[in-house]
Amino acid sequence: MQLLLDTHPAALTREGQRLPLGAQDAALLAWLALEGPTPRARLAGLLWPDSLSAAAHNSLRQRLFKLRRQLGRDVVEGRDHLTLVGDVRHNLHDADTVLDGLHASFGAEFDAWLQGRRRLARQRLATALGQRADTAEAG
């Protein structure tokens with residue numbers, strides 16, 4: 001399965017079907033795609049910062065269940081530390097943006113992380129465009 005986590009977050013099935021992702025699912029998957037394995041408690045706190053710990057853990061468990069049901073398979077695995085399933089791919093390492101279509105706020109820490117990731121993506125794009133311009137001028 002391919003995760004498209006740039007402008008319009010979605011999962012792309014092997015058959016080419018695009019399954020739109022909700023804001024929390026996209027945020028969770030983008031974090032795991034870019035940060036890697038993360039303690040379950042950390043993710044619950046990031047995505048539900050205004051909830052009590054038990055409620056945040058329950059919300060995370062419910063999101064994972066609904067995500068599995070929507071996509072027809074697990075894309076996240078782990079007990080204490082969550083990570084993307086090994087055959088799940090994403091487009092964020094080379095994307096021009098990160099969750100640009102996401103207009104939800106999950107709290108100061110997640111929002112700051114997301115803004116930083118978006119800034120890095122813009123810098124990568126500017127560098128790549130500059131290199132292409134230099135190559136075109138030299139050729």
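The model is predicted, so numbered from 1 along each chain as its sequence is written, with local features needing pLDDT of at least 70, side-chain atom pairs pLDDT 80 or more, and totals for chains, interfaces and linings using all residues.

Helix 3 (53–71) supplies at least two residues of the lining of the largest pocket, as does strand 5 (76–77). Helices (H or I, at least four residues) and strands (E, at least two) are DSSP runs numbered from the N terminus. The 19 residues of helix 3 reach 27 Å from first to last C-alpha, close to the 27 Å expected at 1.5 Å a residue, where the expected span is 1.5 Å times one less than the number of residues.

A56, L60, L64, L67 and L71 are the buried residues of helix 3 (buried: under 20% relative accessible area; exposed: over 50%; 1.4 Å probe, protein chains only). These buried residues fall within an arc of 80 degrees seen down the helix axis, so they line one face; the arc is taken from the directions from the axis to the C-beta atoms. Exposed A54 and R69 lie on the face turned away from the buried side.

| Element | Residues |
|---|---|
| Strand 2 | 10–12 |
| Strand 3 | 18–20 |
| Helix 1 | 23–35 |
| Helix 2 | 40–47 |
| Strand 6 | 81–84 |

The largest pocket holds about 160 Å³ of space. Helix 3 gives the most to its lining, with five residues. The lining includes R61, L64 and F65, and by class has six nonpolar, one polar and five charged residues.

Methods. Heavy atoms only, no water. 1 Å grid on protein atoms, 1.4 Å probe; cavity = no way out; pocket = protein on both sides within 12 Å on 5 of 7 lines; lining within 4 Å. Points joined across faces, edges and corners; volume = space filled by probe spheres on them. Nonpolar A, V, L, I, M, F, W, Y, C, P; charged D, E, K, R; others polar. Contact = heavy atoms within 4.5 Å.
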